[in-house]
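Me: I would like to learn how to read salt bridges in a structural model. Could you take me through the general idea and then through the case at hand?

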Amino acid sequence: MSPLRILFATSECAPWAKTGGLADVSAGLTAALVALGHDVRVLLPAYPSVRAQAEQRPPFWEIPASAHFPACALHQAPLPGGVPAWLVSCPEFYERAGGPYQDGDGNDWPDNARRFGQLARVAALLAGAANPLDWRPQVLHCNDWQTALAPAYLRFAGGARAATVMTIHNLAFQGLFPPEEVARLGLPPASFAIDGLEFWGRLSFLKGGLQYADAITTVSPTYAREIQREPLGFGLHGLLAARRAALHGIANGIDLAAWDPSTDRLIAQRYDADRLTAKAFNKEALQERLGLPREPRAPLLGMVSRLTRQKGIDLVVEVAREIVGLPAQLVVLGAGERDLEAQLEELARANAQRIAVRIGYDEPLAHLIEAGADAFLMPSRFEPCGLNQMYSQRYGTPPIARATGGLADTIVDATPQSIADGTATGFHFAEESPLALLAAVERAAELYRDAKAWRQIQRAGMAADFGWGAAAQRYAALYADLVRPGDADD
Ligand code: ADP
Ligand code: GLC
């Protein structure tokens, strides 16, 4: 396959700006595409956290203000993995204390339509006929609503353009804004129509990508099917079903170097599939760090998650007492909705011997939980892909997860058959209910007592290949198809 020039537009990229899995995907997928020989640029806003970590270089393109957007500048800086990032510097939009989408109190920035409209406009300029630079992408790859207007801008600008791919990482976030924004973003009035950007009276950024991109992808095959109907289609199922010939499910990979228990410097004791007894030191270190007593025979269940209803945190809250009564211990690290945070903290206060909760974002603790827990909980209502279930399998910490989206695709449920043939890697439950979750935890706790069977499940998960190679090849084949229709293999 000949090398392609790919512009990867994203609102997050690890390690510079991260609120969730999108950041990991932006870093991991682009590095894997470069390893395949492609020529990639990551387009990302220059938030303060990005400016603080990236090399400072003079801008190579000053983009003048338009009738609708302030001027901005592009700087190049290499990501830690070596992939060149193109940083969009626009102080009035991106340089403020707080997160990429919200202020410190968790309120969305009031000008998010214009902040991400600007990012999409720059992506479209680079991918369109007006790009004055030496480097012009053949493919523009957009991610989530924050960059989804770019295919719409390209469509309305007309003229030669790169092929466009729109990836859905989470359909629950669509970038919905009042209709007045249509004119303020420089979009033609006719675009605000049912077969355009209108969604129940509002402007939908995501619909721009779904309507006008040449191909749509999402981050697992099961999620690609789930979003073509309700409830997980979130109102866009009709459009997605209509475009199903252009819709592809490609499961994410993980960063095998950052998440490797045999080299991980953030855990108490390194180990691998042949030295699994050393994993127990990590359990003790985790218990000590979080003030839990040692209970070597009770399984310790770990969670690292945004604390939201998507992640099924409320299901855990409902049956936490029953779970730890098995007996088991429960460790939760996360941040999110205030009421869920408070309920978890209350549970920890009332069950100090068995439940520990840390509210906040803590990468080193996340690694220690992966290594120290016996099993990992992911009771998500929906999960486009999910990364932690892959991290946990690599750490010999079988996941207990709802069979949805990527959790269905990347975990082999322990059934009599899969246990017998050695393919089981974790535990699935189907129904979205606290009792179904509890039943799956009970099933895991019972198998945990069978040391030999448990080892086999741990080893099968540790042997699975979750690297980015396979996904990168599938994206590359898709790009090639779009750039040279009917000639994908050259
Ligand atoms: P999502 O993007 O929906 O939040 P993913 O499973 O794809 O879910 O990715 C979440 C990423 O964020 C993982 O890398 C996970 O380890 C990390 N993460 C989430 N919450 C925390 C936290 N409180 N501390 C450290 N890492 C976290
Ligand atoms: C979203 C999804 C998550 C997925 C991630 C990266 O945040 O919620 O399931 O793993 O994007 O694609």
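This is a predicted model: local features need pLDDT of at least 70, side-chain atom pairs count only at pLDDT 80 or more; totals for chains, interfaces and linings use all residues.

Me: Which side chain does Asp111 meet in a salt bridge?

Reply: In general, side chains of opposite charge can pair when their charged atoms come close. Here Asp111 pairs with Arg96, with 2.7 Å from N to O; both residues lie in the loop between helix H3 (91–94) and helix H4 (112–127), 15 residues apart.

Me: How many salt bridges does the structure hold, and which residue pairs with Arg394?

Reply: The structure holds 21 salt bridges. Arg394 forms one with Asp260, and their closest N and O atoms are 3.6 Å apart. Arg394 belongs to helix H15 (residues 388–394), whereas Asp260 sits in the loop between strand E12 (247–249) and helix H11 (279–290), so this pair ties together parts that are 134 residues apart in sequence.

Me: Are Arg394 and Asp260 buried or exposed?

Reply: Arg394 and Asp260 are both buried. Elsewhere, salt bridges with shared partners join Arg309, Asp314, Arg381 and Glu432 into one network.

Me: What is the accessibility of each partner in the pair of Arg41 and Asp39?

Reply: The side chains of Arg41 and Asp39 meet in a salt bridge at 2.7 Å, N to O. Arg41 is buried, with a relative accessible area of 12%, whereas Asp39, at 28% relative accessibility, counts as partly exposed.

Definitions and conventions:
Residues are numbered from 1 along each chain as its sequence is written. Chains are lettered from A and ligands numbered from 1 in the order in which they are written. Side-chain values use heavy atoms; hydrogens and water are left out. A salt bridge is a side-chain nitrogen of Lys or Arg within 4 Å of a carboxyl oxygen of Asp or Glu. Buried means under 20% relative accessible area, exposed over 50%, partly exposed in between (1.4 Å probe, protein chains only). Helices (H or I, at least four residues) and strands (E, at least two) are DSSP runs, numbered from the N terminus.
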